[in-house]
Amino acid sequence: PVLDTEDAWVSVEGPVSIVELALEQKRIHYPLVEHQFVLCTVLYAIMRLSLKGVKPLSLFDSKGRNAFFKDLTSIQLLPSGDMDPNMLSIRQQFLLKVVSAAVQTLCSSQKDREVSEEDYFPFEKGKNWPTLAADLAQYLQISEDLVRRHYVCELYSYGMDHLGEE
């Protein structure tokens with residue numbers, strides 16, 4: 001990018017400006033950042049929903065695991081479109097666990113004290129865990145429809161028919 005500066009600033013001496021420092025930085029490899037984002041989201045879901053027995057790195061193949069420990073500016077080989085069916089099954093089970101735990105948490109909190117999801121998760125206003133799981137399904141190469149169908153089934157099974165119909 002071209003940065004226009006006023007004449008008064010050209011003769012100023014001192015440390016390098018933050019804009020110049022930012023322009024000198026290497027460009028990041030965006031797919032690698034996206035890959036890191038998926039891991040962070042998985043870890044946050046495990047922590048927030050208290051999922052037990054989930055091994056987050058088992059959701060990624062060897063290329064994916066190796067990419068986590070590389071510099072974000074390096075271009076890494078990320079997992080290709082073809083996935084092992086066992087890996088897809090593990091990912092699917094994880095996403096369904098997230099949806100089930102989110103619905104169970106919401107339903108148990110509403111039965112105890114007639115509170116909304118926003119009241120139960122005060123720092124996560126607007127965070128809809130089943131929708132987040134459906135979005136995550138796209139990155140993990142799982143059918144979003146499968147996750148959404150499971151969400152509706154969970155709502156019906158917990159007696160929240162009005163939400164299931166929506």
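User: At what angle do helix α3 and helix α7 pack, and how far apart are their axes?
Analyst: In this predicted model, helix α3 (residues 30-48) and helix α7 (residues 129-139) pack at an angle of about 145°. Their axes are 11 Å apart.

User: Is the crossing of α3 and α7 left-handed or right-handed?
Analyst: The crossing of these two helices is left-handed.

User: Which residues meet there?
Analyst: From α3, the residues are E34, F37, V38, T41, V42, Y44, A45 and R48. On the α7 side they meet W129, L132, L136 and Y139. By class, this contact has nine nonpolar, one polar and two charged residues.

User: Take T41 in α3. Buried or exposed?
Analyst: T41 has a relative accessibility of 10%, and it therefore counts as buried, the cut-off being under 20%. Leaving aside neighbours within four places in sequence, T41 is in contact with L132 and L136. Both of those residues belong to the α7 side of the helix pair.

User: And P130, where is that?
Analyst: P130 is also in helix α7. The residue is buried, with a relative accessible area of 7%.

User: What does P130 touch, not counting residues up to four places away in sequence?
Analyst: P130 touches V99, A102, V147 and Y151. For A102, which is 28 residues away along the chain, the C-alpha atom is separated from that of P130 by 6.9 Å.

User: Changing topic: how many salt bridges does the count come to?
Analyst: The count comes to one salt bridge. E144 forms it with R148, and the closest N and O atoms are 3.5 Å apart.

User: How are E144 and R148 placed in helix α8?
Analyst: Helix α8 covers residues 144-157, and the two residues are four apart within that helix, so about one helical turn separates them. E144 is partly exposed at a relative accessible area of 28%. R148 is partly exposed as well, at 39%.

User: Where do S50 and Q141 sit?
Analyst: S50 is found in the loop between α3 and α4 (62-67). Q141 lies in the loop between α7 and α8. Q141 is partly exposed, with a relative accessible area of 36%.

User: Stepping back, how many helices and strands are there in the protein chain?
Analyst: The protein chain has nine helices and zero strands. Of its 166 residues, 32% are buried.

User: What share of the contacts with a separation of 6 or more comes from residues 24 or more positions apart?
Analyst: Such residues account for 66% of those contacts in the protein chain.

User: Last point: where is confidence lowest, and where is it highest?
Analyst: Confidence is lowest in helix α6 (residues 117-120), at a mean pLDDT of 51, and highest in α3, at 91. The protein chain averages a pLDDT of 82, with 85% of the residues scoring at least 70.

User: So how does that bear on the helix pair we began with?
Analyst: Of that pair, α3 is the element where confidence is highest in the protein chain.

Definitions and conventions: Residues numbered from 1 in each chain as written. Predicted model: local features only at pLDDT ≥ 70, side-chain atom pairs only at ≥ 80, totals over all residues. Heavy atoms only, no water. Axes fitted to C-alpha atoms, helices over the stretch in contact; angles between N-to-C directions. Left-handed = near helix turned anticlockwise from the far one by under 90°. Contact = heavy atoms within 4.5 Å. Nonpolar A, V, L, I, M, F, W, Y, C, P; charged D, E, K, R; others polar. pLDDT = per-residue confidence, 0-100. Buried < 20%, exposed > 50% of the residue type's maximum accessible area, 1.4 Å probe, protein only. Salt bridge = Lys/Arg side-chain N within 4 Å of Asp/Glu carboxyl O.
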